Each structure stands twice: as C-alpha cells, then as structure tokens.
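Here's a quick briefing on one model. Have a look at the strands and the helix packing as you read.

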Amino acid sequence: MDSSSVRDILDKTRALVEEHLSTGSLSSRIQAQDQVQKLVWALEQPRDAIMKLAYGPAVTMALKIALDLNIFSVLAPATSPVPLAELAAAKQADPLLVERVLRVLVAKGIVNEPAPAEYLPTAVAKELTQRPSIGVLESLFCEFIPLFRQTPEFLKLTKYRNPEDPLATALQYTYNFNNMDGFTWLCGNPDALRRFNGFMEGQRTDRPHWADWFPVRERVLDHPDLGPETPLIVDIGANRGHDLIGFRQRFPDVPGKLMLEDLPKVIDEVRDAQDLEAAKVETQVFDFFNEIQPIHGARVYYFKHILHDWSDEKASIIIKNLKPAMRPGFSKIIMEEYILADQNAALLSCVTDMAVMAFCSGLERTRRRWDTLLTENGLRVIKYWVPEGDGLGIIEAELAE
Ligand SMILES: C[S@@+](CC[C@H](N)C(=O)[O-])C[C@H]1O[C@@H](n2cnc3c(N)ncnc32)[C@H](O)[C@@H]1O
C-alpha cells in the first residue's frame, strides 16, 4: 500500500482512538479496534500475513500448554517480575520448554517480559485464571480444533451442501459416531461436557448482560398479573444458569420464579458447578425436541444461543413445542442471538457461525432469516433490539394470535 494511503488510515485511526478515549463508549471502542486492525493490515505484507494467520492454532496450543502448566495462576497475582524458574516449578517442567511457550505469549502481547526470562501478567493473562475464560479456551482447544481440522474434508465429501442435519455434521465425521446430535454426545462425555459448559459461561465475553441494556421493568416486570408463584423467566437450554443468576443479581427482589431447563446430564453437571439455590433458581429437566413445554404461562420464555444451533426445520420443532405453554397476551419470548448485519458482519458472530455449522448444523441468522423463521411458526416479532457494539441482539416476540 502506498504511503499516502497508509497515512490516511493512520489519521482515521488516531481520530477514532481519540473519540474512544473521550467518550469511552462500547461502539467507539469497536470502531477504533476495527480501524487499528485496518492499520495493521495496511502495514502488513501479504505473505507474512498468511504465515501468521495459518500459525493461529500454534498460538492457541501455547495458551493451552501454559494453562496446563498453571502459568497464569502463578503470574496473575504478581506485582514484580516472576523469574522463569518459578513458573517452571509449578509443574516441575523443563525451564527451556516453559521459556519457549512463554516466548509465543510475549510475542502475542499476552504476557510481558520486562527483562530476559522474567515475566509479568497482562489483563488477558489474569483473565485466564477465571473459570468462564478457561472454559472457552479448553473447549475450543480440546473439542473444536479437531473438529475444525476435519470440517473442510467433511464439506468436500458432502459436495459442499450447507449442513442442515444435526445427526450428520462434521462432528460425527470427526469423532466417529452416529445417531445422536452434538449435545447428546457431550452428555456421554463428562470431561467434554464440563469444558463445554465452561465455554457457555464464558461466551458472552465482555459484552453486557441483557438485563443491563434491555428495559426489563417496562417490557417484563410492569405487569399486574405477576405474582410470587408466576414463572417469571423460563430459560430454555439454560446450561449453567449463568444468565438467570446474572438476572437475579440485578433484580434480587422481584416476584416470580426463575426456572432453568436443560437436558438431565447438563442439570447434574450444573448442580456441581453452580449454587443455584443461593440465586433462587429452580431446575426442570426438559428436552425441547421431544416434549411439550411443561411450564405454562410464564411471563418470559428466554432462549440464548439456542435457535442458532439448529436448522429452520429443527428450530420450528422447538417453537412448536413451546407455543401450547404460552399464555396469549401475557407470555413473551426473549431470544438473545446474533442478528447478523447484511454487510460487514462482526468477526465474533461469523466465527460462531462456523462453530455451530461444524458442531450441530446450526447457523447465525440475518434479520430477514429470523423474520421468516418466526412468522412462519406463528410468532409475531414485537421488536428487534440491537445493542450498542457487536454483541447479541434481542428478539422480543409473542404469539401471533
Ligand atoms: C449453545 S448452548 C447455550 C446455553 C446457554 N443458553 C447460553 O447461552 O450460555 C445450548 C444449550 O442447549 C441445551 N440443549 C441441547 N439440546 C437440548 C434439548 N434437546 N433439550 C433441551 N436442551 C437442550 C444444551 O445442553 C446447552 O446447554
């Protein structure tokens, strides 16, 4: 790229970073990051860029080795540089091996090296001591990277048909099983399930909880029919209940029950991982393909990252099994999902699309696709709520009649 084009990008970058520093808003941060990325690309040479992109899995591998070596938990509390020998001692590892792994993390800016072979944590290194972020790394590394490795071959074999069948995805091809979907498979693999559930806890990343930006009082709580025994929120496919627990923290005293629904093995795992009683969250075993929703007349049936796991055909079954439980004029659906931009969709939504495609033949949807799916299944979209930034949107819907 010629120098005047690079200067133009640099000027825009400076302006957007300044704007972010003065407003501190989420959208200005994302715009500034996108622009910084453009600047990096403007300074990059194509062959170097390809080499760095293709080596991405080696960085994830180094992160996973560092996690296994307890490097992040030793580094996180440090206020002065930690010598290599101390980091290696945590697992009696060969210091040379540890140094090689750390070099990658330093080169990526995940760990600082203020003096040769002495290290300090960054905010990202500290975050890698937290269960949700460890879950993201562990599940993506252990279950998804082998799956990504096989997906191109699977798509070639299936003549590049868009995957629709959850019983015949790259997952079955990779792990050599059949007759069950990915979630049932996880239920038979306790370690993978624990990692996946950690991933679910962490996948909201730094984006705000929905109750921080959705007008909960006006759209949910201000209703005369709400009482202490009313199911206030039924979280369908709630996993570890993190979204319900987050809701309870924000609204500790509202009347009504918070109900967690998921598959039996998932609920067993959640009971070990989470103090649901403290958050006053009740559990209900439920299979959304094979049962009609057992909790009737809830104010909110909440789904997060559920319909994105399934093709339109499968998602229609989930909706069909929910509708008989909904009370017309009272019950609503609140879905937290990506609402894909028609153009230049944000990276996290696009890579999630690849992950659900490979794992369960799911897909992220544009607003048009959401419209078609919901209206064809007898629902009326009250409003699409699009947050500031690049996080999940909210689709608020009710029975069409
Ligand atoms: C992608 S995760 C989303 C979890 C959670 N809502 C979140 O956003 O963190 C999908 C969830 O659906 C659950 N699930 C999958 N198949 C199900 C079924 N047939 N019936 C009920 N839950 C199911 C999984 O166990 C998992 O917890």
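In β3, E118 is the bridge partner of A115. This is a predicted model, where local features need pLDDT of at least 70 and side-chain atom pairs count only at pLDDT 80 or more, while totals for chains, interfaces and linings use all residues. Residues are numbered from 1 along each chain as its sequence is written.

**The sheet**
- β2 and β3 (residues 118–121) run antiparallel and are joined by 3 bridges; strands are DSSP runs of E, at least two residues, numbered from the N terminus.
- Put together, 3 strands make an open sheet ordered β1-β3-β2, with antiparallel pairing (two strands pair if DSSP finds at least two bridges between them).
- β1 (82–83) and β2 (111–115) are the edge strands, each pairing on one side only.

**The helix pair**
- Helices are DSSP runs of H or I, at least four residues.
- The axes of α4 (residues 56–68) and α7 (residues 95–107) come within 9 Å and cross at roughly 125 degrees; axes are lines fitted to C-alpha atoms over the stretch in contact, with angles from 0 to 180 degrees between N-to-C directions.
- That makes α4 oblique to α7 (under 35 degrees is roughly parallel, over 145 roughly antiparallel, 65 to 115 roughly perpendicular, and the rest oblique).
- V59, A62, I65 and A66 of α4 meet V101, V104 and L105 of α7, contact meaning C-beta atoms, placed from the backbone, within 7 Å.

**The annotation**
- The unreviewed UniProt entry annotates residues 51–130 as "domain: O-methyltransferase dimerisation"; such annotations may be inferred rather than shown by experiment.
- That span is 57% helix and 14% strand, and its end C-alpha atoms lie 31 Å apart.

Notes: Contact = placed C-beta atoms within 7 Å.
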